[in-house]
Amino acid sequence: MALLTLQNAHLAFGLAPLLDGADLAIESRERIGLIGRNGAGKTSLLRVLAGTQSLDDGEMAVQGGLRVATVVQEPQFADGASIFDAVADGLARVRALRTQFETASHAASPDAEHLATLQHEIDALDGWTWEARVATTLTQLGLAPDTPVATLSGGLKKRVAIARALVAGPDLLLLDEPTNHLDLAAIAWLEGLLTAFKGSAIVISHDRTFLDNVVTRIVELDRGKLTGFPGNYAAYETTKAAQLEFEATVNAKFDKLLAQEEAWIRKGIEARRTRNEGRVRRLESLRLQRAARRESLGRVRMDIVSGAASGKVIAELTDVSKAFAERVIVRNFTATILRGDKVGLVGPNGIGKTTLLKLILGELAADRGKIRVGHNLQVAYFDQMRDGLDENATLGEFISPGSDWIEVGGKRTHVMTYLQDFLFPPERANAPVRMLSGGERNRLLLARHFAREANVLVLDEPTNDLDIDTLELLEQKLADYEGTVFIVSHDRRFLDNVVTSCLVAEGNGLWREYEGGITDWQAQVKVMQAIAEQAQEGVKPPPTSGGEKVKPEAKPVNPGAAASPDKPRQKLSYKEQRELDGLPAQIEAYEVEQGTINAELADGAIYQRDAKRATDLSRRAAELDELIMAAMERWELLASK
């Protein structure tokens, strides 16, 4: 039996309904990724499921005793609350019952029946030991109970909010953009937590790697309808592309028929025969169907104006160090940033990414070392805290104060047209900024920043709250951008698709530059760890420094080159050489088989048509992952000799 079921759900707040006859069933132990465009109604749907928002029409059936907990985008806590107090708020119902029981039991003439009812409710909620449950949850999540919540970073506040939800032991956990403001380590922690969670979960997220690693089903909210896709986000992408292609074909045929009938009616009806009257009625029906069709929302149309070219060298840093009091932020850092580089800054929250950026751009003086900043830099900042937003201004005033026109790249455009390029309809141009959702605010900031000429872009968490379609277009535009880009982000796929190198914090003020994105960096770290292990066995690793760029090419195509020159490399035996020569073909065969399996699993119909085969294929795909990894490790080991 489903934990919760929506049937023919309707909900509307604005021009178009958010839910338009939507259906949804949430089963036990499933993890659903809820995706959709900004403003499509995802957060409103979570409120409906949590019971804090009523439907306009339709039914919601909930399994008896179902416990639901929600983690909102921007969690709120009581003023002056400690972490223990904040987490204990998740047991407000239990605490209230305990207080009532204690008060009633100490009354002059206790009501035995009332006490028995209270005791039964407390027993059902396991409320006699709520303090121990809070303490256990805090220990599991690595949170100090006495720390004031107000002193925490955004990432730690999100962790406290998750603890507050989990302490109640929910059967259904609802999370709205849980990865916002979390660093890579915290996202990995959350992935493990959700994977091990014994209840069901619905997660709104635009982090595609996170969705791939966590969810068992994708549910898309599109034009008021909810559509389910088995598997993770990668499987959804394949199925959705085929679905959109089919929808476009059907709509094109319908529109062609409608155009033919409209042409016929304009010629006039030769005779009022029954056949012609039926054709007129059919045309009226076609017109109604066309009017009722909700088109897929268009894509954002953005162009980034790079302005005048900067010098070839953006910044050159030599043995740069910076500290605040006793805390060292940057130690002996050396790097050269060239025009056109796309640089990602990676590290835990609070590690000093903003400080390093200011050093690179010459906005902050170094304690030691030399910084040479290039000439003719036009820098534009995109702030994750959205401090540049005027809440009371209209959208039109925010984009172009005092004028109905805006000049972008030397071309004069009406502000209404420009806003439409970023999916803001004309009727919303006079709405105040405070009425926008988080994703719409980010889109508005992008619209303003990209209207200005700049040859250096600094993007601080640009992916927060943006829908996936906008993210993909932003990736494309940044990749084609002729200027220089610095990106602070924890979105792994976004960085992989955009950056040419990563500046990674390695602790104690040390920063190292790696070519490529997050995946390249992580692969290079594994190789370096393998080299370090070899060094313990007598093989000397290559020297590195805090500013040395580690290239993906350094991944051991011939790791033996990393050995000390005075120590001869081992010679492979004939059998080992044969094995080494055959490993690339073996790995390729595994990958081809895996691709065939993934393509078959991407068709969701196989789960209904042949569930056993779908299970066997999923198991084989997991086995192939292990085989590919083992073969690559064996290849690296043999190559290192």
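Which residues form one aromatic cluster? Phe229, Tyr233 and Tyr236 do.

Before we look around, a word on the model: it is predicted, so local features need pLDDT of at least 70 and side-chain atom pairs count only at pLDDT 80 or more, while totals for chains, interfaces and linings use all residues. Residues are numbered from 1 along each chain as its sequence is written, and side-chain values use heavy atoms, with hydrogens and water left out.

**Aromatic rings**

A pair of aromatic rings is described by the distance of the centres and the angle of the planes. Rings of Phe, Tyr and Trp (its six-membered ring) pair if their centres lie within 6.5 Å; planes under 30 degrees apart count as stacked, over 60 as edge-to-face and the rest as tilted.

| Pair | Centre to centre | Angle between planes | Class |
|---|---|---|---|
| Phe84 and Trp130 | 6.4 Å | 40 degrees | tilted |
| Phe229 and Tyr236 | 4.9 Å | 85 degrees | edge-to-face |

Phe84 belongs to helix 2 (residues 83–88) and Trp130 to helix 5 (residues 130–140), so their pair links parts of the chain 46 residues apart. Helices (H or I, at least four residues) and strands (E, at least two) are DSSP runs, numbered from the N terminus. Buried means under 20% relative accessible area, exposed over 50%, and partly exposed in between (1.4 Å probe, protein chains only). Phe84 is partly exposed at 23%, whereas Trp130 is buried at 11%. Phe229 and Tyr236 are both buried.

Strand 19 (residues 501–505) and strand 20 run antiparallel and are joined by 5 bridges; two strands pair if DSSP finds at least two bridges between them. Ser501 stands opposite Glu515 in strand 20. The two strands form a hairpin with 5 residues between them, and Gly507 in the turn has a positive phi of about 90 degrees.

Strand 20 (residues 511–515) is mostly covered, with 5 of its 5 residues buried. Trp511, Glu513 and Glu515 point one way from this strand, and Arg512 and Tyr514 point the other way.

**A loop residue**

Ile351 lies in the loop between strand 12 (342–346) and helix 11 (353–360). With a relative accessible area of 24%, Ile351 is partly exposed. Leaving aside residues up to four places away in sequence, Ile351 touches Arg327, Ile329, Ala505 and Trp511; contact means heavy atoms within 4.5 Å. Ile351 and Val330 are 21 residues apart in sequence, and their C-alpha atoms are 9.6 Å apart in space.
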